[in-house]
Amino acid sequence: MASGILLVTHAGVATALIAAARHVLVQLPDTLDSVELPADADPEQSLREATRHAASLDQGAGVLVLSDLYGATPCNIAQRLSEHRARLRWVAGLNLPMLLRVLNYAARPLDELAEIAVSGGHTGIRIDHEPC
């Protein structure tokens with residue numbers, strides 16, 4: 001049983017990342033969903049929406065929530081979600097390498113999947129003098 005994967009991002013970010021992931025991977029897991037927050041999002045309403053999405057994704061293995069920017073509203077929503085759901089982990093700093101790594105290893109246990117997310121995000125960042 002795979003963990004659910006929920007992207008909680010600023011408007012447009014999740015849509016773009018999912019489209020790019022679909023281009024690379026062709027088929028994405030059914031356990032992937034997103035909540036995008038507009039600039040004027042009401043935090044309480046956004047939390048309720050994210051809670052509904054997380055609940056629908058949780059098939060017993062838990063949910064990994066990926067947010068785009070640490071400290072911003074989507075991240076705060078992800079963090080608050082984790083306070084209400086026992087089987088939920090969140091990781092901030094979402095980028096395409098992180099998402100691809102998570103999607104490739106979606107069947108891994110939730111705690112391991114959170115570590116895979118961080119590893120994928122880190123290894124996808126390079127400075128110009130480092131080999132690709």
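Here are some numbered notes on a few loops and helix contacts in this predicted model.

1. Ground rules first. Because this is a predicted model, local features need pLDDT of at least 70 and side-chain atom pairs count only at pLDDT 80 or more, while totals for chains, interfaces and linings use all residues. Residues are numbered from 1 along each chain as its sequence is written, and side-chain values use heavy atoms, with hydrogens and water left out. Helices (H or I, at least four residues) and strands (E, at least two) are DSSP runs, numbered from the N terminus.

2. Start with the loop between helix H1 (13-25) and strand E2 (32-37), where you'll find valine 26. Its phi is positive, about 70°, although valine 26 is not a glycine. Most residues other than glycine have a negative phi. Valine 26 is also exposed, with a relative accessible area of 64%; exposed means over 50%, buried under 20%, and partly exposed in between (1.4 Å probe, protein chains only).

3. Proline 29 sits in the loop between H1 and E2 and counts as partly exposed at 24% relative accessibility. Leaving aside residues up to four places away in sequence, proline 29 touches Leu103 and Ala106, where contact means heavy atoms within 4.5 Å. From proline 29 to threonine 51 it is 22 residues in sequence and 20 Å in space, C-alpha to C-alpha.

4. Buried or exposed: which is threonine 31? Threonine 31, in the loop between H1 and E2, counts as buried, at 6% relative accessibility. Not counting residues up to four places away in sequence, threonine 31 touches Ala2, Ser3, Gly4, Ile5, Leu57 and Gln59. With Ser3 there is a polar atom of the threonine 31 side chain lying 3.4 Å from the backbone oxygen of serine 3.

5. Now the helices. H2 (residues 43-57) and H3 (residues 73-84) pack with their axes 10 Å apart, at an angle of about 55°; axes are lines fitted to C-alpha atoms, for helices over the stretch in contact, and angles run from 0 to 180 degrees between N-to-C directions. That makes H2 oblique to H3. For the cut-offs, under 35 degrees is roughly parallel, over 145 roughly antiparallel, 65 to 115 roughly perpendicular and the rest oblique. Pro43, Glu44, Ser46, Leu47, Ala50 and Thr51 in H2 meet Ile77, Arg80, Leu81 and His84 in H3. By class, this contact of H2 with H3 has 5 nonpolar, 3 polar and 2 charged residues. Here Ala, Val, Leu, Ile, Met, Phe, Trp, Tyr, Cys and Pro count as nonpolar, Asp, Glu, Lys and Arg as charged, and the others, Gly among them, as polar.

6. Which residues of helix H4 (residues 96-104) are buried? They include Met98, Leu99, Leu100, Val102 and Leu103. Among the elements covering the buried residues of H4 are strand E1 (4-10), H1, E2, strand E3 (63-67), strand E4 (88-92) and helix H5 (110-123). At the start of H4, a side-chain oxygen of asparagine 95 reaches to within 2.8 Å of the backbone nitrogen of methionine 98.

7. Last, H4 against H5: their axes come within 7 Å and cross at roughly 140°. That makes H4 oblique to H5. On the H4 side the contact is made by Pro97, Met98, Arg101 and Val102, and on the H5 side by Leu113, Ile116, Ala117, Ser119, Gly120, Gly121 and Thr123. By class, the contact of H4 with H5 has 6 nonpolar, 4 polar and 1 charged residues.

Key: A polar contact is a pair of N or O atoms within 3.5 Å; within protein, one must be able to donate a hydrogen and the other to accept it, and residues adjacent in sequence count only if both atoms are side-chain atoms.
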